[in-house]
Amino acid sequence: KQWYQRRVRGCGSDIHMINNGWKSSMYPLVPGHEIIGTVEAKGENVKGLAIGDRVGVGPQCWSCLEPSCKECSVHDEFMCSTQVVQTYNDFYPDGNMTYGGFAQRIRVHEHFCFLIPPALSSEGAAPLLCAGLTSYTPFRAHGIKPGDKVGVVGIGGLGHLAIQWGRALDCEVFAISSSPAKEAEALGPGAQHFTNVNDNKKLNASSRQLDFILVTANKGLNWVAIFSLLKNDATVCLVSAPEEDIQFPPWPLLSSRIKLAGSIVGGTKMMKEMLQLAAEKKIEARVQVFPIERVNEAITQYKEGKPRFRFVLKL
């Protein structure tokens, strides 16, 4: 039940892994986990994919998939309590190591391969397989509904997609940043409001208005200012993964009964739902494409903070 494919792609967590920023990298390492390509071969038991299909693979390539598994049985495979295997820098149950999309071809279980809707380009859809899923899942997991006021902290690779999901779900979207230069970039993807946390006038104007905040940035966050934007009993959800521990004062959370949550990627049902919504609402990542031969240049530019908003590597 496996197949081979070629690929398109690049994600910030690849840089963390290349540099061993999370202290978990195993070398030799082949990164890449937002992968789009075509099916070149498949096992005889594969039923849902055909040779030549355009498909995508995200950060996960295996779980137990047992009907008795509490998580897998409800399509939360990424939280499988038996075994979660990542697309690279991990091991299959048989001991073989996983290698990612920077390779010419990869082999993956059909359960974790997803047909890409014809309405989406490969370059614009590739980042949806991790960044898109990561920024979409919290909206659904926390029951965000039309008319809710949601904030997005960080106007980058995750944030510009989160803004688009918020608008697609008929929310009122507030882009939140410490840089006034990000205002145009935030309003472009669809935010109706821009709040600069260093501008007290704008900060006070948005005080205690938001039902939900999604934090996609991971450096230099003004947590007190962020918490001040939330209503009582609201939720702030973290989807970024900084290399250092996060610190913030407890009293803003305690005094307003704010709920602190976290989220990472999503399951197969959420992936399919997200891709369908993207096709219907014409949501794609804003990308710059590099040929694979310029991968080192792309990595250098990423470290310099130049992506607007995602780099894609193409074979």
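Here is a short chat about the overall build of this predicted model and one of its helices.

Colleague: How many helices and strands does the protein chain have?

Modeller: Local features here need pLDDT of at least 70, side-chain atom pairs count only at pLDDT 80 or more, and totals for chains, interfaces and linings use all residues. Residues are numbered from 1 along each chain as its sequence is written, and side-chain values use heavy atoms, leaving out hydrogens and water. Helices (H or I, at least four residues) and strands (E, at least two) are DSSP runs, numbered from the N terminus. The tally is 10 helices and 16 strands.

Colleague: What share of the residues is buried?

Modeller: Buried means under 20% relative accessible area (1.4 Å probe, protein chains only). Of the 315 residues, the share that passes is 54%.

Colleague: How many residues of helix α4 are buried?

Modeller: This helix runs over residues 159–168 and is mostly covered. Among its buried residues are H160, L161, I163 and W165.

Colleague: Which residue just after α4 takes a positive phi?

Modeller: Look just past the end of the helix. The phi there is about 65 degrees, and the residue is D170.

Methods: Buried means under 20% relative accessible area, exposed over 50%, partly exposed in between (1.4 Å probe, protein chains only).
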